[in-house]
Amino acid sequence: MAEPESQEGNYDNRGKNTENFKMDVKECLQEMERLTVHVACMTYDCVNIQTNPDLFNAMQHLDHVFLRCREEIKK
């Protein structure tokens with residue numbers, strides 16, 4: 001009778017391992033998706049900046065103005 005209990009424990013453990021594997025794969029896929037989007041945005045920005053150098057200056061100016069506005073709102 002000890003054998004069936006042992007096999008049952010192995011089955012439960014296997015189920016937990018499978019669930020852990022699924023979660024790990026899901027987390028890895030989500031991280032890959034996030035990184036893919038990040039790389040795509042970086043590439044898009046690089047291409048735009050190379051074709052129009054003034055765009056970089058305009059983006060920096062907008063960022064600076066945004067930060068100043070946010071500081072004023074906090075006051």
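**Salt bridges, surface and fold of the chain**

E72 is exposed, with a relative accessible area of 52%. The cut-off for this class is over 50%. The value belongs to a predicted model. E72 takes part in a salt bridge, and its partner is K75. Between these two residues, the closest N and O atoms lie 3.6 Å apart. A salt bridge requires that such atoms be within 4 Å, so the pair qualifies. K75 is also exposed, at 75% relative accessible area.

The structure holds two salt bridges. One of them joins R34 to E31. Here the closest N and O atoms are 2.8 Å apart. Both residues sit in helix 1, which spans residues 2-51. R34 and E31 are three residues apart in that helix, so about one helical turn separates them.

The fold is described next. The chain contains two helices. The chain has 75 residues, and buried residues make up 0% of them. Buried here stands for a relative accessible area under 20%. The chain exposes about 7,300 Å² in total. Carbon and sulfur atoms supply 60% of that area.

F21 counts as exposed because its relative accessibility is 56%, and the class begins over 50%.

Cysteines were examined last. A disulfide is a covalent bond between the sulfur atoms of two cysteines. The structure holds zero disulfides. A pair of cysteine sulfur atoms would have to lie within 2.5 Å to count as one. The cysteines of the chain include C46, which is partly exposed with a relative accessible area of 44%. C69 is likewise partly exposed, at 42%.

Disulfides number zero, and buried residues account for 0% of the chain.

Key: Residues are numbered from 1 along each chain as its sequence is written. This is a predicted model: local features need pLDDT of at least 70, side-chain atom pairs count only at pLDDT 80 or more; totals for chains, interfaces and linings use all residues. Side-chain values use heavy atoms; hydrogens and water are left out. A salt bridge is a side-chain nitrogen of Lys or Arg within 4 Å of a carboxyl oxygen of Asp or Glu. Helices (H or I, at least four residues) and strands (E, at least two) are DSSP runs, numbered from the N terminus. Buried means under 20% relative accessible area, exposed over 50%, partly exposed in between (1.4 Å probe, protein chains only). Accessible areas come from the Shrake-Rupley method with a 1.4 Å probe; for residues, only the protein chains shown count as cover.
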